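Biologist: Could you walk me through a pocket and a recorded site in this one? I'd like the criteria along with the values.

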Amino acid sequence: MTLTLKKTTTDTHQELSVQRKNINLFIAGLGAVGGTLTKLIRQLDHSLYELNVIGVCNSKFTQWNPDMEQVISKSRLTDGEPTDWNSIPVELVNRSDGNLIFIDATGSEIVAQQFQYLLDNGVHIATPSKRANSFSQDYFDGLINANNSGRAQYRYETAVGAGLPVISTLKTLLNSGDEITKITGVASGTMTYLFTQLQNGVPFSEAVKKAKDGGYSEPDPRDDLSGEDVARKFLILARTSGYKFERDQIRVDTLVPEKLISLSTEDFLQQLPEYDGHWKSRNAQAMVNNRKLRYVGTFTPDGISVGIEEVKGDSPLGGLQGTDNLIQIYTKRYSTSPIIVQGPGAGREVTAAGVLGDIIDIAGIL
């Protein structure tokens, strides 16, 4: 497609023609984030790039060269060839000519295990998933090395803070020669949502259900309540900052009662009201002390911990509302007054928009 621009010179009869660069995309996962992303791509009228979706898949079906109007209108795939993660990566490499970006919006461990092969063979990746970056330190190093070698671009801005510029801020600081000394704050919009609902008198179990229905939590809310989501985010922040950590080095406080760990998601939600009294009492005790419950993570070179804290009611963390995150970054240059990144840290729209930003960022390098 050709975009025609009129010159803003006295020569009104001349025109400039700018050829848009074709960027091919394969989107894995058409749920809350992936489905919203397809709509954003459809609406985008970028002056430099033409984004072409050459394939989509969910856990059951894969379609190559899909009719995007049908994909968007149906909200999910109901036909196509069976999804096979033994063949999809090979097909992507065969179809790649240096301008193919793979988007993983699945959160699947199996999909994340394909990243190294794809990057090593020239397929670029943009993902909101935390899975790949929270595998072993060696696996993370391999992905970063593939990116730094120029074999393929790897972007994961939305893996922490949804659309907030947390990862890019760290990279900018490191590229300028600064050193990250501490990162602390609230990195779960889901947890902020739950605790603010508690403060508004909503029973804990009802708040969890509202978070799930609103797309603020993972499909199984225990992925958030267990603290695993926040633990993975702080692991990614620490590794991106240049430190080496493994997941089992992180101390994590879980909000999931032991009796409910092995239940199905449906049974878990049905039995969760039994614990509403506990959370009502705990929230009331914090309020009496003019404090608020928050799920806080902290990274220093000495370790990582995530868990519930009672923070001052009039503090920045105590003032968080909705699904806000607040990340404080301390460095050698910002040692007493940290850089603060704050804003909505969950939700399909902001996360999908952040992934689209990563896609455009990669396109700018190709």
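Biologist: What volume does the second largest pocket have?

Modeller: This is a predicted model, numbered from 1 along each chain, where local features need pLDDT of at least 70 and side-chain atom pairs pLDDT 80 or more, while totals for chains, interfaces and linings use all residues. Side-chain values use heavy atoms, without hydrogens and water. On a 1 Å grid over the protein atoms alone, a pocket is an open set of points where a 1.4 Å probe fits, with protein on both sides within 12 Å along at least five of seven lines. Its volume is the space filled by probe spheres on points joined across faces, edges and corners, here about 310 Å³.

Biologist: Which residues of the lining are closest to the centre of the second largest pocket?

Modeller: Lining residues have an atom within 4 Å of a point. There are 17 of them, and the closest to the centre are Ile144, Asn148, Tyr156, Lys171 and Thr240.

Biologist: Which element gives the most to that lining?

Modeller: Helices are DSSP runs of H or I with at least four residues, and strands are E runs of at least two, numbered from the N terminus. Two or more residues each come from α6 (137–149), α7 (167–175) and α11 (228–240). With seven residues, the top contributor is α6.
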